[in-house]
Protein chains: 2
Amino acid sequence: MIAVDWGTTSFRAYRLDAAGIVLKRREAPLGILAVKEGRFAEALESQVSDWLEHGEALIVMSGMIGSRQGWKEQAYVRCPAGAFELSAQLGSITWGMHGRRAWIVPGLITRDAQGVHDVLRGEETQLIGVLDALGTGSHTVCLPGTHSKWVRIDDHRIVSFSTHMTGEMFAILRDHSILGRTMENTGDIPAAFDAGVARAREPGGLLHHLFGVRADSLAGMLTPEAAHEYLSGLLIGHEIATVAPERGTVHLLGAASLTTRYERALSAAGCAVQLMDPDAAVRGLFRLAAGLAQRN
Amino acid sequence: MIAVDWGTTSFRAYRLDAAGIVLKRREAPLGILAVKEGRFAEALESQVSDWLEHGEALIVMSGMIGSRQGWKEQAYVRCPAGAFELSAQLGSITWGMHGRRAWIVPGLITRDAQGVHDVLRGEETQLIGVLDALGTGSHTVCLPGTHSKWVRIDDHRIVSFSTHMTGEMFAILRDHSILGRTMENTGDIPAAFDAGVARAREPGGLLHHLFGVRADSLAGMLTPEAAHEYLSGLLIGHEIATVAPERGTVHLLGAASLTTRYERALSAAGCAVQLMDPDAAVRGLFRLAAGLAQRN
């Protein structure tokens, strides 16, 4: 089969054997924003034409390809949901003279106790990919990123989740706020990061703590290099302060550049951390394809 | 005397009589960012040359004109401070063949219990302008804005304050984040604003609540018009949740467009609100000039 992780800015394709082993992998800067005039079929075939010619007929895709801006919008599936519900609601799209068909994984939607919604798209497939590693019982998974996801998994099913705009907030503060004027990225400064994480636990709230970056910079207490790392710690610290379980392990799933920071901040908050295999998406796609076979 | 409130984007000048009564007022879009190559003397004289010719010799200015980007940087004065300390530390600048001189009000700096700094510049003069109206005792003053200030005043002295990046946060989220894509400003929608204020009191934290604006928009629960007002209420609600005193009156000082929103949010939080005369800056400049006369 062909497994495709198709996001906003990147395209990743995998050719898998019948046991789910990755035979080949390809990556291209061909996210959905780079595809013009809805030519998704063309874009896909340009990347995997040789695999198709070799007879691969089963294609399963996840990520923003199933969003309103993607190939074909897939309605969100309600939580709680596991592999069974997601496989059952894979959408399909057909194209071309050869009658090609691809399946698209839907995202998930949940509501909190106050009735406010939350959504994710793409992460559901990564989560399906780590269900076996997690096993039965209740687990907390954190997927750091532009929009960080905190997910509760009970007995192989995604029960609920919450999103935090931490990564996007960092980017817009750096690029568009007054804080960016006294900030420079020269790489990791763990002491400054830790100071930001610690600040998040103090009273005053995020909107006030942010201005402290400015004031401490003006007062000569924060260099531009330190301010960059302090802001990162402050935002991650605020995220963690509202969601991290007081006891229990947080399973981190994501790129090392981010999970390293989250691991540090979580440890400071007294949480045990377990790193998950970041290649979970391809395993999730394989698992959902297997469910599709059962469904048909 | 001539009182000048000279900010980042605006210039306001007042001619006052010996009792502090405003005889004339002028306003121009001549904030410090609009003054090229440090030609502040020229800019000032272009606005008040006739008053100078009529013999006014005492000029006192407040606002960003005393910042690093202004005419002459004035070091921050440490809290607690009242009219006496600020008058004593007015800086002066002289220019031209006629030996003209102007005084510049310094800003204030404070540190919280954790040693983190906070600063303000311009608001100190507005606060001096409302000291008489407040009288003795302990008071909470809120000046809403790009950087909202919450100030504690005890017996005519500014004891401490905290800044919240609420207004700037609203602007960068609207203009540069994913939330701006599903948001449109069509004016006040009180029910949506109130819903945002109420959301701020629920668990989850600001970074999570912000994503809820996106998710509820995708779920069809928030129109673009309502999302704009909901976000405003959410941010103001988060600010208030961390600073508003549980009991006691909050004195609001600022433009009606903002104080109306804060009054609504504060009332929802159970706070009594007292609106202050928004023209406080000119009164503060007069009061500080009087202190200057005593100093000389």
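Colleague: Before that, what are the ground rules?

Modeller: This is a predicted model, where local features need pLDDT of at least 70, side-chain atom pairs count only at pLDDT 80 or more, and totals for chains, interfaces and linings use all residues. Residues are numbered from 1 along each chain as its sequence is written, while chains are lettered from A and ligands numbered from 1 in the order in which they are written.

Colleague: Which residues of helix α5 of chain A are buried?

Modeller: In α5(A), residues 190–200, these are A:A192, A:F193, A:A195, A:G196, A:V197, A:R199 and A:A200. Buried here requires 20 or more other C-beta atoms within 10 Å of the residue's own, with C-beta atoms placed from the backbone.

Colleague: And what do they pack against?

Modeller: They pack against α6, α7 and α8 (256–268) of chain A.

Colleague: At what angle do α5(A) and α8(A) pack?

Modeller: The angle is about 50°, and the axes are 10 Å apart. The two helices are therefore oblique to each other, a class for angles that are not under 35 degrees (roughly parallel), over 145 (roughly antiparallel) or 65 to 115 (roughly perpendicular). A:F193, A:D194 and A:V197 of α5(A) meet A:R261, A:R264, A:A265 and A:A268 of α8(A); contact means C-beta atoms, placed from the backbone, within 7 Å.

Colleague: How do α6(A) and α7(A) pack?

Modeller: Their angle is about 170°, with axes 11 Å apart. That makes α6(A) roughly antiparallel to α7(A). On the α6(A) side the contact is made by A:L206, A:H209, A:V213 and A:S217, and on the α7(A) side by A:A227, A:Y230, A:L231, A:L234 and A:H238.

Colleague: Changing topic, how many residues does each chain give to the contact between A and B?

Modeller: Chain A gives 37 residues and chain B gives 37 residues. On the side of chain A, the elements giving two or more residues are β9 (117–120), β12 (157–164), α4 (166–176), α6 (206–218) and α7 (224–243). Of these, α6(A) gives the most, with nine residues.

Colleague: One last item: where is A:M276?

Modeller: A:M276 is in the loop between β14 (272–275) and α9 (280–295) of chain A.

Colleague: Is A:M276 buried or exposed?

Modeller: A:M276 counts as buried because there are 20 C-beta neighbours inside 10 Å. Leaving aside residues up to four places away in sequence, A:M276 touches A:V130, A:A133, A:H251, A:L252 and A:L253. The C-alpha atoms of A:M276 and A:L134 are separated by 9.2 Å, although these residues are 142 residues apart along the chain.

Methods: Helix = DSSP H or I, 4+ residues; strand = E, 2+ residues; numbered from the N terminus. Buried ≥ 20, exposed ≤ 12 C-beta atoms within 10 Å, placed from the backbone. Contact = placed C-beta atoms within 7 Å. Axes fitted to C-alpha atoms, helices over the stretch in contact; angles between N-to-C directions.
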